[in-house]
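Here are some notes to read alongside the structure.

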Amino acid sequence: MSLEEPTPEDGAVEVLPTEGDEIAELLGDLVVDREEHVNAPGFVIRPDSVQETLRRLRDEAGFDHLSCVTAEEREDRYESIYHLTSFDDRQREVSVVVPTTKDDPVSESAEPVFRTADWHEREAYDLIGIEYDDHPDLRRILLPDTWQGHPLSQNYDQDRPQIVTLKEWENPLADDHREDAGDTMYVNIGPHHPATHGVLHVKTVLDGEQVADVDPDIGYLHRCEEQMCQTKTYRHQIMPYPDRWDYASSGLLNEWAYARAAEDLNDIEVPEYAQIIRTMGAEFCRIASHMLAVGTFALDVYGDFTAIFMYAMRDREKVQNVLEELTGQRMMFNYFRLGGVVWDLPEPREEFFELIRDFLEDLPEAVEEYHDLITGNEILQSRTIDTGVLPPEVAKSYGATGPVARGSGIDYDLRRDDPYGYYDELEWDVITEDGCDNFSRLLVRLKEVEESAKIIEQCVELLEDWPEDERNIQANVPRTLRPEDDKEIYRAVEAAKGELGIYIRADGTEKPGRFKIRSPCFSNLQTLPEMSAGEYIPDMVASLGSLDIVLGEVDR
Amino acid sequence: MSSERDTPFVTDDTQVQTETRDARMTGAGADNRFNSKLREAFGSSPFILTKFDQFMNWVRGSSMFMLQFGIACCSIEMMHTYSVKHDLDRFAAGVPRASPRQADVIIVPGTIVSKFAPRMKRVYDQMPEPKFVVGMGSCTISGGPFQEGYNVIKGAEEVIPVDIHVPGCPPRPEALIYGVAKLQQRIAEGESSPVTVKPYELEQFDDLEQDEIVEQLADQIDEDDLVMRYNWADSP
């Protein structure tokens with residue numbers, strides 16, 4: 001097994017507090033109360049000691065990854081939950097719970113400690129209505145500025161009319177410039193623009209030709225995914241929605257995120273055979289997703305609609321054929337069930353394996369072609385090498401994960417660091433590149449395609465030899481699931497774009513009390529201003545392409 | 001084309017036409033290069049008599065410039081429709097234009113939410129007449145799986161008129177091609193769609209009827225700002 005355990009390099013093992021009691025000791029009297037979440041110990045703190053708590057956990061206990069911020073309204077209070085973990089050891093987790101009163105929902109912002117809290121807290125303010133002191137820019141993020149009410153709070157009336165404006169955006173730096181130092185120019189990119197990969201709106205201010213200020217404006221595809229999941233039942237009704245979060249063919253990866261959280265919440269064991277099928281299907285989705293990322297990236301960078309985009313689409317079609325054989329659908333698979341998958345491999349099995357083998361056989365040549373056409377292309381190289389630089393420290397602070405983090409040399413992959421499915425039984429490597437630039441992120445994706453192919457090949461071998469009477473595709477799961485009241489869980493999987501986490505709080509009914517999606521694209525997109533400050537517009541577009549965002553997942 | 005010298009002078013010109021056509025198509029030494037179904041339909045005369053409107057409709061249907069307009073999941077299948085394997089270009093409709101000012105068809109591929117609807121309306125308004133709309137996927141029909149969402153417009157028809165609805169979540173590329181072909185047929189036949197839903201309009205803020213919500217927003221929105229008002233309770 002090539003999945004070495006991450007160990008400190010010098011061998012001197014520094015013992016960091018991991019157990020609940022150790023952390024409690026570290027935090028001392030900051031802790032007001034203790035909670036137990038399924039994934040991690042929870043510590044309740046006062047709303048005015050958020051920064052101190054998080055800083056202490058980050059600096060003294062190594063919890064350097066603020067994975068997610070969940071906000072919710074309970075019967076008697078508002079709650080913000082900070083899900084912390086560590087880039088070095090994903091299995092160390094802690095939740096910091098910050099309750100605030102109903103009449104004065106003000107809590108201290110975590111933004112000075114973790115930059116990523118900026119957007120997460122704006123979202124919490126937007127949807128739930130919690131206000132954050134000391135936040136640099138607390139305004140709505142997903143809904144229009146003129147929206148009335150906070151839709152995921154209790155007593156929200158969905159039928160009240162709303163008014164949305166269509167106004168000219170203003171140059172935020174217009175007042176800043178000095179008369180003699182030249183002028184700044186405001187450029188609106190999106191929400192309808194071919195280079196924004198969907199309905200993203202980037203408010204850009206140029207000083208000369210250089211980018212002086214970038215503000216990604218999101219929410220043009222906020223289709224209430226969390227509300228949808230909160231109004232559906234665990235057993236069958238939620239599963240179709242994950243397919244539509246990251247719709248660039250990452251369906252099975254997203255389904256796995258929900259399946260993993262819900263299975264751990266309900267103590268469901270998944271049969272080994274089903275895990276192998278899941279692993280194989282998920283890696284096909286990863287390939288399809290990376291192909292699209294690479295194809296559209298090349299399209300953005302050197303406008304090659306004819307060759308490379310078509311090549312990428314050709315290979316995606318092949319992947320989609322396999323997935324269609326397996327699941328019956330090209331994109332919205334709805335193939336996973338809690339406790340397994342919906343049906344076994346298609347009959348005749350030999351033909352199906354043949355189809356996969358053909359694909360795997362052609363893949364090395366196809367990847368070689370990509371390297372010829374893309375990474376070996378001088379235009380692309382000069383456009384992407386050393387542009388959009390994202391140093392690892394900055395990436396960590398923004399909670400960047402997936403190929404974006406790995407392109408900055410952060411060795412972090414949930415498939416290895418927090419194993420699920422069948423990954424820890426298989427032979428494969430985590431790809432990292434140290435360039436920190438647009439080119440590294442591209443390379444990571446292309447190499448990951450090859451790693452995924454390795455995983456698929458091993459899965460196929462296992463499936464071929466699996467004894468016929470042990471092909472158990474689903475565990476025995478009750479028709480209706482009612483997890484205990486107040487059981488909370490945060491679980492993540494490695495989706496194509498990074499760490500896709502699901503927080504579920506059960507309320508004793510068959511529907512989740514709170515369903516929160518931690519989208520990798522949401523966190524990754526936050527790094528855009530950092531990457532493009534001082535660069536040219538085309539480099540900003542290249543950076544945007546290299547982040548590989550899918551707006552369905554950013555906005556949810 | 002050679003004609004026999006000893007052919008008697010014929011005054012019945014339909015017969016001339018018929019004979020000439022036959023000679024051209026089947027006669028000895030006939031020139032096959034120009035023979036086609038079209039030629040057969042035209043007869044011997046190289047001229048077509050048609051109504052100008054009909055001709056224009058035929059031209060419009062046979063050369064459609066699509067707007068490169070991606071919203072959500074359906075846009076991935078739309079991209080597949082444009083590219084290899086399905087290649088919408090074969091049906092004279094596959095040139096995606098990035099600017100609405102150069103496009104005559106807008107495929108609406110995805111869920112429309114409150115923040116995006118005014119922008120989509122603006123993009124639609126910027127397209128030159130005559131313009132056509134293909135609604136792709138369930139979300140553009142009714143809001144699809146997200147219909148109960150607080151932020152979701154219950155179908156594209158609440159914002160712009162839609163000519164063709166392609167159902168599916170998402171529709172397969174074949175379905176989209178069928179939808180486009182149907183649109184071409186409709187255009188060629190000169191049909192247009194009635195508006196079935198009273199759409200949300202872009203209005204000036206001070207033109208709105210005064211009520212509670214308008215008062216609440218009065219200090220945030222300028223009087224002459226364009227706004228779109230959503231009456232969720234009246235949505236279908």
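1. A term to begin with: two strands pair if DSSP finds at least two bridges between them. Helices (H or I, at least four residues) and strands (E, at least two) are themselves DSSP runs, numbered from the N terminus. This is a predicted model, in which local features need pLDDT of at least 70 and side-chain atom pairs count only at pLDDT 80 or more, while totals for chains, interfaces and linings use all residues. Residues are numbered from 1 along each chain as its sequence is written, chains are lettered from A and ligands numbered from 1 in the order in which they are written, and side-chain values use heavy atoms, leaving out hydrogens and water.

2. Please look at the strand pairing between the chains. β8(A) runs antiparallel to β7 of chain B (residues 226–230), and five bridges join them. Along this pairing, A:Leu166 faces B:Leu226, and A:Val164 stands opposite B:Met228.

3. Is β8(A) buried or exposed? Five of its five residues are buried, so the strand is largely enclosed by the rest of the structure; buried means under 20% relative accessible area, exposed over 50%, and partly exposed in between (1.4 Å probe, protein chains only). In a regular strand the side chains alternate between the two faces of the sheet. Here A:Gln162, A:Val164 and A:Leu166 lie on one side, A:Ile163 and A:Thr165 on the other, and both faces are covered.

4. A helix of the partner chain joins the picture. In α5(B), residues 117–126, seven of the 10 residues are buried, among them B:Met120, B:Val123 and B:Tyr124. The buried residues of this helix pack against β8 of chain A as well as β1, β3, β4, β6 and β7 of chain B.

5. Now the interface as a whole. In chain A, 59 residues are in contact (heavy atoms within 4.5 Å) with 57 residues of chain B. The two chains bury about 5,100 Å² between them, 64% of it on carbon and sulfur atoms; buried area is the accessible area (1.4 Å probe) that two parts lose on being put together, summed over both. On the chain A side, A:Ile163, A:Leu166 and A:His192 lose the most area to chain B, together 16% of what that side buries.

6. How many salt bridges cross the interface of chain A and chain B? The rule, a side-chain nitrogen of Lys or Arg within 4 Å of a carboxyl oxygen of Asp or Glu, finds five. One salt bridge joins A:Lys232 to B:Glu148, with the closest N and O atoms 3.5 Å apart.

7. Over all chains, the count comes to 57 salt bridges. A:Asp362 and A:Lys318 form a salt bridge at 3.9 Å, N to O. A:Asp362 sits in α8 and A:Lys318 in α7 of chain A, so the pair ties together parts 44 residues apart in sequence. Both are partly exposed, A:Asp362 at 37% relative accessible area and A:Lys318 at 27%.

8. Compare this with A:Glu448 and A:Arg406, whose closest N and O atoms are 2.7 Å apart in a salt bridge. This pair links α13 and α11 of chain A, 42 residues apart. A:Glu448 is buried at 2% relative accessibility, and A:Arg406 is buried at 0%. Both belong to a network of salt bridges that also includes A:Glu283, A:Arg286, A:Asp413, A:Arg415 and A:Glu494.
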